[in-house]
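Trainee: I would like to learn how to read a structure of this kind, feature by feature. Please show me where to start.

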Amino acid sequence: MTQEEKIAMLEDMLEKDGGSLKPEMELGSIEEYDSMAKLSLIVMMDDEFGKKLTGEQISEFKTVRDILDFMG
Amino acid sequence: MFFNGKKIVVAGASGGIGGAICEQLADEGAIVILLGRHEDKLHAQLGKLKGEGHRCFVCDLSQIETIESCVGDIISECGPIDGLVHSAGNGDVRPLKMSKYPFMLNIMNVNFFSYVEMVRCFSKRGAFNDGMSIVGVSSVAAQYGVQSRTAYSASKGAMDSAMMTMAKELGTKGIRVNNVAPGGTHTSMIDDLEYANLSEESRATAKRQYLGICEPSDIANAVLFLLSDKARKVTGIVLNVDGGKMSC
C-alpha cells in the first residue's frame, strides 16, 4: 500500500476531505482525532494491517507520520 | 445445598462470569456441565470445581448450526438437565462506521442467536427435568446508549426481548426464563478493553456505578438465585446487577 493510499484511508476514517492530511501534521491539531477516532484506528490497524494497537501506543503518536510508520 | 445433584449447563464456562457461576454451582452441590470453545480452558475451569461428576463439552457458539448436535451429545451422556446458563459473549466494541455486517453478524451469532438456539434445543421434550430454570447473562448496555457498542448493545437487547417471549411460551412447560444484566464487571473482557481507557464517555459512565465495579461473584449470586427454587415464581424479568448505574 502506498503512502498516499494510507493517508486516504486515514482521511476517510476521520471523515476529512481528500488531500487535507499531511504526514507532518500534529495529531493534536486535528479536531476529528478524538477518542472515537482512536478506537476506529485500533480497529483499522487490526482489520487492514493485522496489527494490534494498544492505548499506550496510541498515546505516543504525535504526528500523522507516526501512524503511517506504525502501519508499516 | 441448593442444587444438590442438579445438572446445570453453563455456556461460556471459561469466562470470568461463567467461571464464577460454575464455581458457585459446584459449591452448592450441582453437577456442572461446562460448555465453551476452548477445551484447555474448559478443563482448567473444571479443575477449580468442588465435587465430582462435572463434565466438559466443546462447542463453538458462533457456529449456530453445531449447537443442536452438541445439545444432543449432552443429553445422551448426561440425561435431561435442570438448568441452563448462557454466559457466553463477545464484547468487542467498534464505532458505527467500522461496524460492517460481518462484524455485526459475529456478535449477534455468539451473543444472541446461540442463546435462542440453546433455549430452543434444551426446552424440547426429554431434554429437561421438571422445574428447569434458564438464565441468560445480558447487559445493562441494552438499556442505554453507549458509543461504539451498536452490535453488543443490540445483541443484549435482543436477548432481553426474546427472553420475555420465551418465558411466556415455555411457562406452559413449567420452565422459567430470566436474564441477569451486569453493569461494569471486573473480568478479562474489561481488562482487554484498551478502548475504555480512551473514551471520556466510558470514564463518565463508570462513575454512575456508584456502588463500584461488580465482581463476577456478584453476577453469579444473582444467577444462582434465579436458577434456584427460591425464584420459583420469577420469570420473564431482567435483573440488573449494576452497582446503581441504571438508577441515576
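This is a predicted model: local features need pLDDT of at least 70, side-chain atom pairs count only at pLDDT 80 or more; totals for chains, interfaces and linings use all residues.

Trainee: What is the strand order of the open sheet in chain B?

Mentor: Helices (H or I, at least four residues) and strands (E, at least two) are DSSP runs numbered from the N terminus, and two strands pair if DSSP finds at least two bridges between them. In chain B, seven strands form an open sheet in the order β3-β2-β1-β4-β5-β6-β7, with parallel pairing. Its edges are β3 (55–58) and β7 (238–241), each of which pairs on one side only. From one strand to the next the twist averages 20°; axes here are lines fitted to C-alpha atoms, for helices over the stretch in contact, and angles run from 0 to 180 degrees between N-to-C directions.

Trainee: How many bridges join β6 to β7 in chain B?

Mentor: Four bridges join β6 (residues 176–182) to β7 of chain B, and B:Pro182 stands opposite B:Val241. A residue is buried if 20 or more other C-beta atoms lie within 10 Å of its own, exposed if 12 or fewer, and partly exposed in between, with C-beta atoms placed from the backbone.

Trainee: Which residues of α3 in chain B are buried?

Mentor: Helix α3 of chain B covers residues 67–78, and its buried residues are B:Ile67, B:Cys70, B:Val71 and B:Ile74. Seen down the helix axis, these fall within an arc of 100° (taken from the directions from the axis to the C-beta atoms), so they line one face of α3 in chain B. The face turned away from that side carries the exposed residues B:Ser69 and B:Ser76. Contact means that C-beta atoms, placed from the backbone, lie within 7 Å. The cover over the buried residues of α3 in chain B includes β1 (7–11), β2, β3 and α4 (101–122) of chain B. After the helix comes B:Gly79, with a positive phi near 85°.

Trainee: What is the secondary structure of chain A?

Mentor: Chain A has four helices and zero strands. Its radius of gyration, taken over C-alpha atoms, is 11 Å, close to the 11 Å given for 72 residues by the globule rule (2.2 Å times the number of residues to the power 0.38), so chain A is as compact as a globular protein of that length. Of its 72 residues, 19% count as buried.

Trainee: Is B:Ser148 buried or exposed?

Mentor: Most residues other than glycine have a negative phi. B:Ser148 is not a glycine, yet its phi is positive at about 75°. B:Ser148 sits in the loop between β5 and α5 (150–170) of chain B and is buried, with 25 other C-beta atoms within 10 Å. In chain A, A:Glu15 also has a positive phi, of about 55°. A:Glu15 lies in the loop between α1 (3–13) and α2 (35–49) of chain A, and is exposed, with 9 other C-beta atoms within 10 Å.

Methods
Residues are numbered from 1 along each chain as its sequence is written. Chains are lettered from A and ligands numbered from 1 in the order in which they are written. The expected span of a helix is 1.5 Å times one less than its number of residues. Two residues are in contact if their C-beta atoms, placed from the backbone, lie within 7 Å.
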